[in-house]
Amino acid sequence: MEFIKITDVEKTYPSGVTALYGLNLNIKKGDFAFIIGASGSGKSTLIKMLYREERPTKGEIIIGGVNVGKLKNRKTYKLRRKIGVVFQDFKLLPRLTVYENVAFVLEMFGYDKTEIRAKTLKALDLVGLKEKVKSYPDQLSGGEQQRVAIARAIVNAPKLLICDEPTGNLDPDTSLEIMKVLEVINNLGTTVIVVTHDRDIVNKMKKRVILLDKGKLKKDFEKGTYDKNEKC
Amino acid sequence: MIKMKNVRILFRNIRDGLKNVIRNFSLSMASISCITVTLILVAVSIIGSLNVENFTKIIRDDFTIVTYINVDADENKINEIKKSIEKLNNIESVSFDSKKDIADRMKKESEVFNNIMSSWSDSENPLYDTYLVKVENSEKISKTANQIEKIDGVQMVRYGEGMIDSLISIFKIIEKILLIIVISLIVVTAFLIINTIKITIFSRQEEIEIKRLVGASNTSIKQPFVIEGLFIGLIGSIIPILITIYGYNFLYEKTGGKIFSEFIKLIEPFPFVFIASLILAIIGVIVGMIGSSSAVRKYLKI
């Protein structure tokens with residue numbers, strides 16, 4: 001059974017721009033996949049549709065049995081609670097500590113205090129930030145901030161972790177560290193999808209690579225590398 | 001189990017709501033002072049309109065139909081007239097004022113009257129015995145007066161005809177105008193506050209966006225903001241309430257409860273100021289909550 005099943009998806013924005021044409025894609029449970037492509041290739045649109053920030057114009061996207069495109073705005077949160085999302089700009093709340101930035105997600109869902117503490121510390125431990133729980137985001141390096149964001153994304157044990165250019169703002173060494181963290185999370189059973197521009201990382205990780213070009217699927221290979229001849 | 005969860009969420013939102021008022025204090029101050037200023041205006045107009053209403057009621061209660069009884073009526077006839085009056089609708093009280101009492105009062109009032117009237121014997125007294133009739137509904141006073149006039153043995157009735165009718169219509173207009181002022185002030189306050197809160201929430205767009213992305217439902221995003229609005233409304237009503245309580249007491253004591261003349265009496269301060277304060281607090285809280293809720297709506301995808 002496929003975990004994510006994308007069938008004949010087309011996305012046209014109200015402005016008339018079509019970002020994706022007739023996309024077909026399956027991702028298995030426990031996969032680690034890179035989505036790569038040049039700017040304007042439709043990769044951002046694709047993952048935005050995965051966490052239901054956008055809806056497909058045609059076709060359907062099924063995640064874990066749920067037709068994501070048909071989800072009403074009011075019900076979107078039900079999907080998002082099962083998906084973790086990490087962004088290029090971290091999106092941390094500056095006035096909360098590291099611990100609070102992760103714990104507030106669980107607070108909103110109504111967990112009790114001991115449960116929150118256990119889960120939050122476990123997630124922060126996994127990303128290697130247990131020592132910095134009391135720091136504020138602006139006291140951390142970029143890599144550390146991104147690790148807080150990852151901890152927040154995985155704290156509720158999601159089935160799927162989506163990362164939108166997670167290393168876009170980081171130097172190569174730190175980027176690789178982040179990738180190692182994502183790999184650990186993947187090994188624990190979470191499906192991970194990473195959108196990236198970063199050639200080196202894709203080549204080093206040797207995971208599945210999905211290449212989009214001008215809104216179409218161009219290549220999809222297991223244990224792939226960034227082909228130097230591809231224009232990305 | 002689900003219930004426990006919701007209680008926990010509610011308490012966390014109350015805590016966060018309060019925290020946010022303090023954390024964003026400079027922005028909260030904008031909303032709070034906006035509520036304070038407008039609530040002071042609302043307080044003044046509420047106190048004014050309730051006092052005008054009270055004062056018109058006092059005057060209305062004082063409206064009396066003076067019923068003059070025929071000079072030849074004997075004691076039986078006089079009692080009969082009283083019974084006939086009491087049978088009518090809209091009668092609150094009927095009291096007898098004999099011509100002797102009236103003459104005595106007049107003598108006391110003026111030296112001239114005293115000299116003339118002292119020479120009269122009871123039988124020579126040219127005044128009429130009267131019934132002073134108070135009505136329940138002063139708006140129907142002329143109808144009731146006409147009915148009394150038709151009773152056998154009644155010489156005539158007087159109730160200040162034209163003047164009272166025009167007073168009643170003036171009071172009605174004043175009451176309507178005050179009501180319109182109070183309501184429009186409240187509406188203006190609501191709009192001002194909604195806009196102020198919208199501006200302050202604008203700076204927290206990112207917070208709302210992040211919460212949405214990590215799976216917060218619309219309700220769980222909205223709730224802390226609405227509770228924050230509740231606190232802002234409550235804090236904003238403190239100064240208007242203090243002004244109401246101390247200001248009104250001060251006014252009442254300074255004037256001895258009367259302004260301009262003996263007729264215009266102020267409402268006793270207690271418990272009036274507490275009721276007015278409660279009204280202010282409720283308006284502040286409701287407007288604060290509605291303001292926050294409609295302001296945050298803009299940033300939710302519904």
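The legends below describe close-up views of a predicted model.

**View 1. The six-stranded sheet of chain A.** In this predicted model, six strands of chain A form an open sheet with the order β6-β7-β8-β3-β9-β10. The pairing within this sheet is mixed. Strands β6 (83-87) and β10 (216-221) of chain A stand at the edges, and each has a single partner strand, so one side of each is left without a neighbour in the sheet. On average, neighbouring strands of this sheet are turned by 15° against each other, with direction ignored.

View 2. β6(A) pairs with strand β7 (residues 160-164) of chain A in the parallel sense, over five bridges. Within this pair, Val85(A) stands opposite Ile162(A) of β7(A). Helix α5 (residues 142-154) of chain A lies across both β6 and β7 of chain A. The helix runs at about 165° to β6(A).

View 3. Strand β9 (residues 208-213) of chain A and β10(A) run antiparallel and are joined by five bridges. Which residue of β10(A) is the bridge partner of Leu211(A)? The partner is Lys219(A). The two strands β9(A) and β10(A) form a hairpin, with two residues between them. In the turn, Lys214(A) has a positive phi of about 50°.

**View 4. The four-stranded sheet of chain A.** A further open sheet of chain A consists of four strands in the order β2-β1-β4-β5, and its pairing is antiparallel. Its edges are β2 (18-28) and β5 (66-67) of chain A; each has a single partner strand, so one side of each is left without a neighbour in the sheet. Strand β1 (residues 2-12) of chain A is joined to strand β4 (residues 58-63) of chain A by five bridges, and these strands run antiparallel. Ile4(A) has Ile63(A) in β4(A) as its bridge partner. In a regular strand, the side chains alternate between the two faces of the sheet.

**View 5. The interface between chain A and chain B.** Here, 25 residues of chain A are in contact with 21 residues of chain B. Chain A and chain B bury about 2200 Å² between them, and 53% of this area is on carbon and sulfur atoms. How many salt bridges are counted between chain A and chain B? The count is three. One salt bridge is formed by Arg15(B) with Glu107(A), whose closest N and O atoms are 2.8 Å apart. On the side of chain A that touches chain B, the elements giving two or more residues are α2 (76-80), α3 (98-109) and α4 (113-126) of chain A. Of these, α3(A) gives the most, with six residues. By class, this side of chain A has 12 nonpolar, two polar and 11 charged residues.

**View 6. The surroundings of Glu183 in chain A.** Glu183(A) lies in helix α6 (residues 172-187) of chain A. When neighbours within four places in sequence are left aside, Glu183(A) is in contact with Phe32(A), Met205(A) and Lys207(A). Met49(A) is 134 residues from Glu183(A) along the chain, and the C-alpha atoms of these two residues are separated by 23 Å.

Key: Residues numbered from 1 in each chain as written. Chains lettered and ligands numbered in written order. Predicted model: local features only at pLDDT ≥ 70, side-chain atom pairs only at ≥ 80, totals over all residues. Heavy atoms only, no water. Pairing = 2+ DSSP bridges. Axes fitted to C-alpha atoms, helices over the stretch in contact; angles between N-to-C directions. Contact = heavy atoms within 4.5 Å. Buried area = accessible area lost by both parts, 1.4 Å probe. Salt bridge = Lys/Arg side-chain N within 4 Å of Asp/Glu carboxyl O. Nonpolar A, V, L, I, M, F, W, Y, C, P; charged D, E, K, R; others polar.
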